[in-house]
Amino acid sequence: MTRSRLRLAAELLGPLALVGVVALVAAHLSTSDQTDAINVLVTATIVVGLYVFIGNSGVISFGQISFAAVGAFAAGIYTTPVSTRQTTMPDLFGFLGRPVLTNLESLLLAAGLGALFALLVGLALMRLSGLAAGIATFAVLEITYNILANWEKIGPGPTTLASVPVTTGVGQATIGCAVAVVVAFAYQRSRSCRLLRASRADALAARGIGVSIVRHRLGAFVLSGAICGFAGALYVHSLGSINVTEVYLALTFSTLAMLVVGGSQSLWGATLGGILLGILSSFLTNAENGTTVFGLSFTLPNGLSSIIFAILFVGALMLFPRGLTRNREFLAKALGERPARVGVVLGSGGKPGDGSVTGDGSDGTPAAATTAHVTAVADPEP
Amino acid sequence: MSGDAAPPAEPAGRRIEAGPERPLLEVSGLRVTYGRAQAVDGATFAVGEGELVGLVGPNGAGKSSTLFAVMGEVRRAAGEVRFRGKPLPGRPEDVVRLGLAMVPEGRHLFPSMTVQENLQLGRLARRPGRTPRLGDEEVATLFPVTAEFARRRAGLLSGGQQQQVAIARALLSDPDLLLLDEPSLGLSPTIVASVFSALERINALGVAILLVEQRAEMTLEFCARSYVLVGGRIRFEADRHTNVETVVASYFGVERVALGNRP
């Protein structure tokens with residue numbers, strides 16, 4: 001395999017392997033610890049969903065958890081037995097009263113609704129960037145929360161939707177997270193995503209060469225909405241219940257922190273951040289209820305987990321402003337994203353055999369100034 | 001508000017000449033405002049097919065705003081911009097598909113992409129079914145650095161090299177008209193000379209060029225015709241025979257008149 005193919009393989013297999021490791025460890029845990037592991041995988045799926053939009057577009061969004069919320073409630077309601085729906089949510093619209101969907105159907109429905117909701121929101125908001133985008137997407141989160149918390153015709157309102165079938169175990173959470181990773185990977189290899197990334201690097205230049213930024217942003221937003229909706233369904237099916245406060249501010253900020261700490265501009269960063277900080281978060285939460293590490297029992301005061309999380313977040317931002325992965329894909333540096341070695345080629349016009357300096361080594365072409373070389377350059381990437 | 005309906009007052013004896021014979025780009029009464037600030041205040045000019053036209057003026061004259069307004073990068077508050085007789089759309093991604101390309105000031109390459117990736121993106125807006133005026137080989141011959149550093153990240157190149165890649169990228173969209181904003185900015189005299197000689201050859205291949213520059217003397221010498229933009233208006237048209245000192249004086253002179261006119 002050539003270096004660039006290896007790099008491509010690592011870009012996908014690195015995150016997948018990480019997900020697989022979590023799954024393997026989870027398979028040997030006690031049932032209660034398995035719940036935590038499933039939660040880590042589901043959270044990581046959300047972070048991958050955030051990455052698809054935020055990482056690729058460079059536009060901040062506080063609204064993606066709305067899509068997870070819509071997915072979670074849709075999947076939860078449609079898998080609850082009809083009789084339970086009638087007693088716990090008597091005001092539901094008729095179309096929410098039946099049918100009863102299977103687990104898989106509800107996951108697909110949640111992804112579809114997440115995408116649809118994102119499309120509606122995105123059509124209005126995708127012209128925005130920077131602070132305006134942050135505020136507007138935050139407003140989406142607020143609106144979604146308030147509607148879900150108060151409108152009892154579409155859900156349980158402020159009460160908890162309980163007795164949702166628990167169908168998401170370690171296996172399904174692993175597959176779900178892996179699917180999100182594969183989708184995100186396929187997307188970032190796409191033409192649309194490359195153009196979107198160009199606009200992230202320089203919006204003026206991107207428009208100037210003919211990139212319709214709004215269109216490509218909307219695509220990423222909708223795909224991100226689908227992944228978040230899907231993750232919301234995994235969430236509700238792993239816990240068997242959901243309250244609207246669970247898919248609101250705390251989840252928004254913790255998943256954003258995971259994305260940023262991991263490295264918001266690489267899939268590897270999103271996955272690593274989601275899983276590492278997910279593990280840390282569930283450990284700290286458990287410690288508030290008393291835990292034992294190496295035979296040492298202790299109990300953290302309530303709320304300390306959030307404070308520690310926040311301190312780590314700030315610390316990570318100061319030490320690694322581009323995240324733990326420095327926004328690189330898995331092994332990208334080792335496999336040939338070459339550091340600058342200015343001076344070796346400068347002015348030399350290319351010496352035989354110095355292709356490894358400026359070339360990516362995949363075809364052994366010396367980086368000499370030949371027109372033939374440029375013709376090859378203009379070919380689309382293999 | 002100032003200058004709402006009043007036509008731009010032309011200084012006596014400095015009449016704008018009749019436009020080119022075969023107009024490609026026609027701008028009339030163009031106005032650009034940023035909040036209450038008037039950046040372009042009724043600019044009227046034209047670029048003909050295959051022409052090499054300069055647009056000079058002091059800082060803040062509205063040169064960049066004029067280019068941005070032509071491309072649709074900023075909103076045109078008033079006036080008409082026509083290309084081949086048809087009004088130009090208001091978004092750059094649509095404008096570039098009609099055969100205009102801009103090299104913005106400061107180059108704006110995609111720094112983390114390689115030179116060849118930058119160039120590939122330049123071909124995005126090519127019009128289908130047309131043989132490009134400049135093929136990849138011509139572009140590589142014009143700007144050897146694009147081949148020499150094809151696989152180098154664009155952000156690692158020097159300013160002059162980046163400028164050449166930026167022009168090459170714009171050329172690869174196969175434009176009929178190339179808009180250049182201060183291509184000499186920050187470049188050493190040798191590089192400026194080589195960039196300008198490349199522009200000359202590009203123009204010889206039939207690509208019209210509108211060159212925005214602050215360096216009046218060099219531009220007047222280089223372009224067949226030049227417009228002098230001061231205070232958001234075209235003050236007059238100059239050519240190679242125009243005394244440079246007249247032009248430079250107009251930077252200040254007309255400015256003084258404009259100040260004097262203000263109530």
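## Helix pairs of chain A

In chain A, helix α6 (residues 103-125) and helix α11 (residues 213-239) approach each other with their axes coming within 7 Å and crossing at roughly 145°. The crossing of α6(A) and α11(A) is right-handed, and the residues that make up this contact divide into 16 nonpolar and nine polar, with no charged residue among them. These descriptions, like those that follow, refer to a predicted model.

A second pair in chain A is formed by helix α1 (residues 3-27) and helix α13 (residues 267-288), whose axes come within 9 Å and cross at roughly 15°. Because angles under 35 degrees count as roughly parallel, α1(A) is described as roughly parallel to α13(A). The crossing of α1(A) and α13(A) is left-handed. On the side of α1(A), the residues in contact are A:Glu11, A:Gly14, A:Pro15, A:Leu18, A:Val19 and A:Val22, and they meet A:Leu267, A:Trp268, A:Thr271, A:Leu272 and A:Ile275 of α13(A). By class, the residues of this contact divide into eight nonpolar, two polar and one charged.

## The antiparallel sheet of chain B

Chain B contains an open sheet of four strands, arranged in the order β2-β1-β4-β5, in which the pairing is antiparallel. Its edge strands are β2 (37-48) and β5 (86-87) of chain B, each of which pairs on one side only. Helix α1 (residues 63-71) of chain B packs on this sheet, where it touches β1, β2 and β4 of chain B, and the direction of the helix makes about 115° with that of β1(B).

Within the sheet, β1(B) and β2(B) run antiparallel and are joined by nine bridges. The two strands form a hairpin with two residues between them, and B:Gly35, which lies in the turn, has a positive phi of about 60°. Along this pairing, B:Tyr34 stands opposite B:Ala37 in β2(B), while B:Arg31 stands opposite B:Asp41 in β2(B). Strand β1 (residues 23-34) of chain B is also joined to strand β4 (residues 78-83) of chain B, by five bridges and again in the antiparallel sense. In β4(B), the bridge partner of B:Arg31 is B:Ala78, and that of B:Val27 is B:Val81; B:Arg31 therefore has a partner in β4(B) as well as a residue opposite it in β2(B), in keeping with the general rule that strands of a sheet pair through backbone hydrogen bonds, either parallel or antiparallel.

## The mixed sheet of chain B

Another open sheet of chain B has six strands, in the order β6-β7-β8-β3-β9-β10, and its pairing is mixed. The edge strands here are β6 (100-103) and β10 (233-239) of chain B, each pairing on one side only, and the twist averages 20° from one strand to the next.

Strand β3 (residues 52-56) of chain B pairs with strand β8 (residues 208-213) of chain B in the parallel sense, over five bridges. Within this pairing, B:Leu55 has B:Val212 in β8(B) as its bridge partner. Helix α6 (residues 159-171) of chain B lies across β6 and β7 (177-181) of chain B and runs at about 170° to β6(B).

## Confidence in the model

The model scores ipTM 0.83 and pTM 0.84. Chain B averages a pLDDT of 87, with 88% of its residues scoring at least 70. In chain B, confidence is highest in β7(B), at 97, and lowest in helix α9 (residues 244-261) of chain B, at a mean of 61.

Two stretches of chain B call for separate mention. Over residues 1-16 of chain B the pLDDT is below 50, and beyond near neighbours in sequence this stretch has 15 contacts in the model. Over residues 254-263 of chain B the pLDDT is likewise below 50, and that stretch has six contacts beyond near neighbours in sequence. Where pLDDT is low, the predicted coordinates should not be read in detail.

Technical notes:
Residues numbered from 1 in each chain as written. Chains lettered and ligands numbered in written order. Predicted model: local features only at pLDDT ≥ 70, side-chain atom pairs only at ≥ 80, totals over all residues. Pairing = 2+ DSSP bridges. Axes fitted to C-alpha atoms, helices over the stretch in contact; angles between N-to-C directions. Contact = placed C-beta atoms within 7 Å. pLDDT = per-residue confidence, 0-100. Left-handed = near helix turned anticlockwise from the far one by under 90°. Nonpolar A, V, L, I, M, F, W, Y, C, P; charged D, E, K, R; others polar. Parallel < 35°, antiparallel > 145°, perpendicular 65-115°, else oblique.
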